[in-house]
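Good morning, and thank you for coming.

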Amino acid sequence: MSTDPPFTSEHEELRSSIRGFIDRELAPHAQRWEQEQWFPDDLFPLMAAQGLLGLKYPESYGGQGGDYLHEAVLCEEMARIGSGGTAAGLGAHINIATPPIWKFGTDEQKQRYLVPAIAGERIGALGITEPGAGSDVAAIATRAERVDGGFLVNGEKTYITNGVRAHFIVTAVKTKIEDPPARHGGISFLIVDRGEGVSSSALHKLGWQASDTATISYQDVFVPEQNLLGELHGGFKLIMANFQWERLAMALGAVGAMRLAWERTAQFARERRTFGRPLGRHQVIAHKLADMATSVYTCRCVTYDALRRFVAGEEPLKEVTMAKLLTQRAAFELMDEALQIHGGAGYMRGDDGPPHPIERAARDARLGPIGGGSDEIMREILAKALDL
Ligand SMILES: Cc1cc2nc3c(=O)[nH]c(=O)nc-3n(C[C@H](O)[C@H](O)[C@H](O)COP(=O)(O)OP(=O)(O)OC[C@H]3O[C@@H](n4cnc5c(N)ncnc54)[C@H](O)[C@@H]3O)c2cc1C
């Protein structure tokens with residue numbers, strides 16, 4: 001096991017360029033996007049112009065020809081936007097909607113969807129979750145019936161990031177329509193264009209305010225044969241194929257957010273004075289900050305070890321699952337402590353205050369133990385992997 005950062009000086013150069021871009025172009029607007037519960041679609045071409053929508057994708061599709069380590073840098077740095085929702089909307093496009101097309105798409109599908117997605121011209125979403133099927137993915141009920149030239153889709157997806165704005169939705173459907181319904185073996189993926197029969201309604205949330213989360217309804221939506229992604233009835237493999245990266249991306253995002261919150265809270269504790277001295281000179285507060293720094297360090301080590309293994313081509317199911325499980329709860333707990341150290345200031349919305357208010361970071365962090373496979377599901381995976 002190696003807990004050294006897996007990044008080279010080239011990755012660190014990329015980090016400082018991303019950081020400069022975020023500090024200049026994104027972070028100053030984060031408050032407004034949060035209040036408006038929407039960040040502008042223009043962010044996609046803006047990110048694309050920096051090469052940030054295709055870091056890990058081949059140059060032949062308009063990507064940067066990098067790898068998962070370059071993407072990992074972006075995942076960490078997006079915390080600096082100060083809006084979990086903005087990072088989530090961009091991240092859903094980069095880390096969950098486009099990877100299945102890259103891995104399983106035909107060249108023609110890559111030309112039609114991946115190339116414009118990397119260029120920021122078309123926005124993607126991944127539609128798996130349904131009102132009746134979240135953790136139990138195999139229970140999805142959206143049906144795709146065979147018709148002349150393609151499929152007819154009927155059903156509903158929910159909690160879908162980019163669900164209102166997406167131009168295309170990489171959608172999990174049941175293609176084996178039997179009684180009783182097929183489970184894992186009956187799932188396929190279709191790339192569904194927004195168009196006739198596809199309608200979205202926005203959902204409102206505790207955190208991730210600037211992200212667009214929606215219920216999407218499919219009513220007699222015709223999807224042509226050439227939009228079948230991967231093998232017919234082979235969709236479960238496709239879901240599993242990206243879970244490891246999605247969970248690593250979430251762990252990296254948590255590590256970035258935790259580090260930022262720690263730095264800001266430590267600074268606050270140095271400046272704020274109570275009972276005649278800086279807050280951080282009260283032993284209770286200093287010890288809290290020491291515990292928080294330990295948590296940031298532990299989460300980084302576990303995440304970097306999983307990342308290193310993933311990039312080396314191992315199949316680090318256990319390590320990635322542990323990283324996701326550890327970091328998401330730890331991030332929320334750290335934000336709660338950071339909020340407590342800020343006192344009343346921590347509870348304020350901070351519309352006119354610093355660009356990364358702690359209350360927002362705390363609300364944003366609450367999604368981590370639920371999304372991308374909940375804590376309970378992570379423990380189920382670990383229990384199996386540990387042969388229990
Ligand atoms: C803001 C947000 C954005 C999202 N974005 C997307 C997206 O872009 N695309 C997408 O497809 N989905 C998305 N999701 C959905 C997300 O992946 C699901 O919410 C998550 O998988 C949990 O499913 P569920 O909400 O249906 O909870 P359920 O599966 O109903 O679970 C409810 C609770 O029971 C627990 N539980 C379930 N089964 C077990 C078990 N066997 N043993 C013990 N405990 C169990 C769960 O851990 C959870 O705590 C998003 C969700 C949110 C909130």
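How many of the eight residues of helix α12 (residues 358–365) are buried? Six of the eight are buried, and α12 is thus mostly covered. I use buried for a relative accessible area under 20%, exposed for over 50%, and partly exposed for values in between, with a 1.4 Å probe and protein chains only. Helices (H or I, at least four residues) and strands (E, at least two) are DSSP runs, numbered from the N terminus.

Before I continue, please note that this is a predicted model, in which local features need pLDDT of at least 70 and side-chain atom pairs count only at pLDDT 80 or more, while totals for chains, interfaces and linings use all residues. Residues are numbered from 1 along each chain as its sequence is written, and side-chain values use heavy atoms, with hydrogens and water left out.

To return to α12, its buried residues are Ile358, Glu359, Arg360, Ala362, Asp364 and Ala365. They pack against α2 (30–36), α5 (84–97), α8 (235–271), α10 and α11, where contact means heavy atoms within 4.5 Å. His342 itself is found in the loop between α10 and α11 (344–347). Its relative accessibility is 14%, so His342 counts as buried.

For contrast, please find Tyr297 in helix α9 (residues 283–311). Is Tyr297 buried or exposed? It is exposed, because its relative accessible area is 54%. Between the C-alpha atoms of Tyr297 and Asn95 there are 24 Å, and the two residues are 202 residues apart along the chain.

I now turn to pairs of helices. An axis here is a line fitted to C-alpha atoms, for helices over the stretch in contact, and angles run from 0 to 180 degrees between N-to-C directions. Angles under 35 degrees count as roughly parallel, over 145 as roughly antiparallel, 65 to 115 as roughly perpendicular, and the rest as oblique. A crossing is left-handed if the near helix is turned anticlockwise from the far one by less than a right angle, and right-handed if clockwise.

At what angle do α8 and α10 cross? Their axes cross at roughly 25° and come within 8 Å. The two helices are therefore roughly parallel, and their crossing is left-handed. The residues of this contact comprise 19 nonpolar, four polar and two charged. In this count, Ala, Val, Leu, Ile, Met, Phe, Trp, Tyr, Cys and Pro are nonpolar, Asp, Glu, Lys and Arg are charged, and the others, Gly among them, are polar.

With α9, the axis of α8 makes an angle of roughly 155°, and the two come within 9 Å. That makes α8 roughly antiparallel to α9. This crossing is left-handed, and its contact residues divide into 19 nonpolar, four polar and two charged.

A further pair is α10 (residues 317–341) with α13 (residues 375–385), whose axes come within 10 Å and cross at roughly 150°. These helices are therefore roughly antiparallel. Among the contact residues are Leu317 and Leu325 of α10, and Met378 and Leu382 of α13. In total, seven are nonpolar, one is polar and five are charged.

Finally, I come to charged side chains. Side chains of opposite charge can pair when their charged atoms come close. How many salt bridges does a search of the whole structure find? The search finds 22, where a salt bridge is a side-chain nitrogen of Lys or Arg within 4 Å of a carboxyl oxygen of Asp or Glu.

One of these joins Asp23 and Arg80, at 3.8 Å from N to O. Asp23 lies in helix α1 (residues 9–26) and Arg80 in the loop between α4 (68–77) and α5, so this bridge ties together parts 57 residues apart in sequence. Asp23 is partly exposed at 38% relative accessibility, whereas Arg80 is buried at 18%.

Another bridge, between Glu108 and Arg112, has an N to O distance of 2.5 Å. These residues are four apart in helix α7 (residues 107–118), so about one helical turn separates them.

Arg165 and Asp212 form a salt bridge as well, at 3.7 Å, and both residues are buried. Lastly, a network of salt bridges links Glu12, Arg15, Arg19, Glu76, Glu77 and Arg259.
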